Every structure is written in C-alpha cells, then in structure tokens.
Amino acid sequence: MLSRRKFMQTGAAIAASSVALPAFAAGSKIKIGYVSPQSGPLSAFAQADTYVIENFVKKAAEEGFDIEVIVKDSQSNPNRAAEVARELIVRDEVHLICVASTPETTNPVCTIAEAEEIPVISSVAPWQPWFIGQQGNPADPASWQPFDYVHHFFWGLEDNVGVFMNMWAQIDSNKNVGALWPNDGDGNAWASEVGMPPALAAAGYNLTDPGRFQNLTDDFSAQINAFKQNNCDIMVGIPIPPDFTTFWTQAKQQGYNPKMVSVAKALLFPESVAALGDLGHNLTCEVWWSPNHPYKSSLTGQSCADLAGEFQDYAKRQWTMPLGFVHALFEVALDAIKRASDPTDGDEMAELIGATKLDTAVGLIQWGRDNVPPFAQPNISKTPLVGGQWRRQDDGSFDLVIVENGLAPEIPLTGTLETLS
Amino acid sequence: MIWVDTIVQGVLLGGLYALFAAGLSLVFGIMRLVNLAHGDLIVLAAFVILTMAGALGLHPFVAVLIAAPVMFAVGWLLQTYVLNRVLGDDILPPLLVTFGLSVVIQNGLLEGFSADSQKLSAGPIEAASIKLGPIAVGVMPLLTLVSAIVVIFALNQLFYRTKLGRAFRATSDDAVTAGLMGIRPRNVFAIATGIAMVVATIAALYLGIRANFDPTIGPARLIYAFQAVIIGGLGSLWGTLAGGIVIGVAQGLGAAINPEWQILAGHIAFVLVLLIRPRGLFPRAND
C-alpha cells in the first residue's frame, strides 16, 4: 500500500528532480520508432532492415548513445501503418520516427506524426506522392502547406522521366514509345500532365498509351497489339512485377521486339529480374543506389561497396537498393541526435533535422535546396538518380550496370547501354 | 485481324481460368463447400513445384509429377482433419475455416519463402509461339488450354465412368442416403479434395510459368475462378471451362476497347450471364 506520507515524498522527489535536472540527462535512453513494410506484397523493400538497425544500434552505443529502436511492421497496409505509428507515439513514447518504403507506408505515418508533433525522417517514396499525397486537397496547388515535423529524402518523378529519356537519347530509334501504365497511384502520376507525356512531346517522341489497366491483369494482348501496330521501338512502364512478367512473356510469344525497355518499379529487385530468366537480359530501370555510388556512410565510414558487401555476407543475398536509403535514414537520425541539446525534445529535433547537411551513403542530404519547387523545399531533399541495365551473368544471376548518369555525373558509369535487338 | 487475335488470346486465357476453377468446381459440386483458400492452395502448390524443381534440379513439368501426389496428400489430410469436422447443415463454419486457412497459408509461405517474387522457369518454351496465319499463338498458353480440356475431360470420365465417380455423385445428391448404401461421405470428401488439389497443382504449374507469384497473390486469382464456376453452372465441369473462356474473351475484348475495361468487362459478362441464366450456362441438377 502506498501511504500518504510515502506518496507525498515521492511526489516531492519527482517535482524536485524535474526542476533540478537538465531536460536531457546524458546517457538516458532515446527511443526511435521505425516503420516499414516487413510483410505483405511490399516486403521486398524491407529486406535490409534487420541488418541496418542492428548495425546502427551497435554504432550508436560505441559513440556513447543509448538508443533503442522499436521496429514496427506496416504489413504493406496503409491503415496498419497509421495504427503502428499511433502505437509508437502513444504507447512506446518514441522521440523520433524513421519510416521507409512506398507512399503506402510513409504517408500515413507522417500524417499521424505531424499531427502529434513527433519528428519523422522518411524516405523511399518519390517526393510527389509523398508531399502532394499528404495535402488536404491534392488537386489544388495553392492550398498546399509545408510540414513542420516531417522530412523526406528521395528523388521525384521528373528525375525518373529524365533518366529514362536520357537513356533513349543514347540509342538510335524511331522515337515511338509504348506505355504500360497501370491504374494505380504510380501509373496515373506517370500518365498525367506532370508525368511523362509532356516531356515526351517536347523531345519529339510519339506516345502510344493504350490506357490504364488493372493490376494483376492476366492478358496484355491489347497493349502488345497496339505497340506492334505503332511500331514502338521503346517500351516504358511502371507495372508491378507479376504484370511485367506476364506482359513481357506474352510480348515475346506474340513477336513484339522493342529495342529498349525501361521499366520502373517492377525491376528494382534482383529476384524479380532473375525470375524472368533469359528474358531479363538488358532490361533497363531507374537506380537510386548501388555499390558503385561514390558515397561514404557518415555512420560507419564505409563506402557503398563495403556496405553492400557486408550486407551480402550478413544476409546471404544480393544487395538491394533500399539498403543505402534505410542506412541513410539512421545516419540522419544520429546526426541530429548528436547536434541536439535534448534529443527527446520533438520541436528541437524537427528543427535540427531540417537543418541537416550531411554526406551520407546516398549522397548529400540537405533540406531547403532549390532543386525542388519552393513549396516543397522545407520538407524534401532530393537524392541523385541514374539509369541501370540488368545484365545476365553466366551463372544465371543478374548484375545491375549503370549506363546513364546525366542527372548525377558524379556517379560513375559501369558500362554502356545496349539495345535489345 | 486484330479482333480474331483478341478472341484467340481470350480463349487461351480462358484455359488458365478454367484450370483455376476446376478444383473449386469439383469441391463445390460434391460437398457444397466454398473453398476461399483455393487461390492460396494454388500458390502453395506453386511453391511445392518450385521447391521440387530447385532441390532436384528438375524441369517444372517433371517436378509437377512429384508435387501432384504431395498436394493430393495435403488435400486429403486437410479434408479429413480440418474441413470434415466443420461440414454440416450450416454453410458458415466451413466458409470461415477456409477463410482462416487462407490467412494461415499466406503467412506460413511468407515465413518459409519470404516475400520474394518467384517464377517457375520452363526455359525457351516460355517465349515460343506457333504461327497460325497472321496470329502468333504462344506455346505455353496453348498448352494451358489443352491441359484444361484434358483435365476436365479426365474429371468427367472419373465422374461418369467409375465407381468412385458414382460415389461422388451419390454423395453430392444425398449424403445420408449414400451413407445407407455403404458409402462413407467423409472418405469421399477427402478423396475429392485430394483430386481438387491435384488439379490446383496443374493450375499452379501454368500460373507459375506465366507470371510471378508470391505468397500473397492467391486471393486475387480466386475471383475469376469463382466467376467461371458460376457462369458455367454449379457442378458442371464443361460449364466451368466455358465459364473460364467467357471471362477470358470478355476481358480480351474489353482490353481491346480500352485496357481500363479489361477486368470490368469480365465482371460485366458475369453479371449478364447471371441476369439471363441465373443458374449458369450448364447447371447440372436442380439444387
């Protein structure tokens, strides 16, 4: 039983301690929440999580920070992502949240955290769906507001379109482009007036866009017929991996042989390319991170190649692009914690994160630069994007060769672009 | 010419849908059990084939010969130890059990095989095609359709020419009376589910070669199977094939107008058939 006297004593002690102690005692525990899609259809994005977090906690401890990372799984479901974000804030009382991979994960978490005034570092979602998708009225640019507590680093649609078109400029083609854009957030964004059609028209390409199709469609004969009829030398798209496999196998069966295939999203992971077998050779995609990127981790001092190598030894699987970005999330987190007088103070942390200027494993991260439109500058830091081509090795595995670096010349090319036919 | 091509490709796609649906149709026809886990069981079968092909270095077409008996056993055990316990007058408990089963299979596969996108690799035959005049017909889709026809022919032979088939039909018509005649309905059910799983394995083979699969892809494939069964008429296997082809062709024609119409066209065809013939194209019996 708690006696009245004891209660008064403890109460007094608590009152005294809160006055006497500085707001943050060095050595007290800092809690970081981490949300990513570890199960469900998006879980390929989260393959490097365990390795990165284990490493980060170890490194932080070496530097004298007692940091606990509480990992939550969004189950590839936006509602679940919002739920775990609320859990992290209310039940676990985290001081900072890191969130990665696809707008379905980052947006609900950022929206909740912004309302609860908890700082968030976010990545691995193109910035347009991240920024515009969280606005009250995405259709009205005049109403868009910047955020105070959430910060995001990644590239945008314009970079992806630019990388693909730079690749096509390298080859000799009839400038007819066939588009495979699904009826989802990504497909509609690519097909919209801020997406690819205006850029194609400006560069003198003819676009064949048969229309938005539903994800997990089993037959692409209509699209293949349209591409064949219009003699499309170039094929572009952002389908999900099963749809691309169906499309590409059918295209081969029905004799559609473009010179260049540039597909976003479906070809990000080596496993999905390897699943195509011979048919995966020389397909091109966007590359956000690779072991050949000339950057160093601020956390471990490792080069990108070392980071990828260590991951491959640890996880016994090929490196994947999210590795660098998830690593960078925690680089930014630790950098802000180091600079803070009280890392448990959300307002101070949000401000410090916004003032980050850090060379990370994915390049320079600094918000407020002028490579994004002014409305997004406080919340978006762009990272470089280059173009890659998958090359089949003799043992059946695939290597991603960087063949285009027009937007980020500091990233070295590791091969030259080859056409399919 | 494009219209002919569209219809041909639609018919070929219908073969795949019919394969998805044949197992479902069989189980529903015999025990009035709606198996919501059928899509996941197909994916499970695909992973079994993948494992056999990987471990023994076999071509998927050979690996399926090993996977089929394994899946028969899975089906038999599933029916004997799980589904038979909940079958009764109320159709809700088995429905809920198969729903739960779907979740369990998905997460079990996720745990065992990770979320990686997988594919069965059949080699150069995947991209091969036969020229029929101006139309290129893929060898794999053609094989799919032929397999669907063979499977349904074989199931029909089993149903109408064998003792086991007679037991199937008797149990389906009236389980109690069949029991009085010395048939054990539960045994019959277990064998039927086993056979349905063998058919699911064949469907898995063609699904796995046609597109990528991962542990969570099953339910998306299930809806066309349901529609094919309903369009064809409950309990009619040839009807199921017809139902698959109706959906395949409708999707193809829809896509030729605009890809946005592709999936919707299949659903519209389904609704139209229901409006005109509420019991499907070839209903087997009045029940």
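A residue is classed here as buried if 20 or more other C-beta atoms lie within 10 Å of its own, as exposed if 12 or fewer do, and as partly exposed in between, with C-beta atoms placed from the backbone. The structure is a predicted model, in which local features need pLDDT of at least 70 and side-chain atom pairs count only at pLDDT 80 or more, whereas totals for chains, interfaces and linings use all residues. Residues are numbered from 1 along each chain as its sequence is written, and chains are lettered from A and ligands numbered from 1 in the order in which they are written.

Chain A is divided into domain 1 (27-155 + 292-381) and domain 2 (158-287 + 385-404), the bounds coming from an automatic or database domain assignment. The centres of the two domains of chain A, taken over C-alpha atoms, are separated by 29 Å. Contact, defined by C-beta atoms placed from the backbone that lie within 7 Å, links 9 residues of domain 1 of chain A with 9 residues of domain 2 of chain A. On the domain 1 side of chain A, the touching residues comprise 5 nonpolar, 4 polar and no charged; Ala, Val, Leu, Ile, Met, Phe, Trp, Tyr, Cys and Pro count as nonpolar, Asp, Glu, Lys and Arg as charged, and the others, Gly among them, as polar.

Helices (H or I, at least four residues) and strands (E, at least two) are DSSP runs, numbered from the N terminus. In helix α14 (residues 346-354) of chain A, the buried residues are A:M349, A:A350, A:L352, A:I353 and A:G354, and these pack against β3 (96-100), β4 (120-123), β5 (150-153) and α13 (322-339) of chain A.

From β5(A), A:V150 and A:H152 point one way and A:H151 and A:F153 the other, all of them buried. Strands are taken to pair if DSSP finds at least two bridges between them; β4(A) and β5(A) run parallel and are joined by 4 bridges, with A:H152 in β5(A) as the bridge partner of A:S122. The chain passes from β4(A) to β5(A) through helix α5 (residues 127-133) of chain A in a right-handed β-α-β crossover, that is, one whose path from the first strand over the helix to the second runs clockwise with the strands pointing away from the viewer. Strand β13 (residues 380-381) of chain A also pairs with β5(A) in the parallel sense, over 2 bridges, and A:S381 in β13(A) stands opposite A:F153.

Notes. Two residues are in contact if their C-beta atoms, placed from the backbone, lie within 7 Å.
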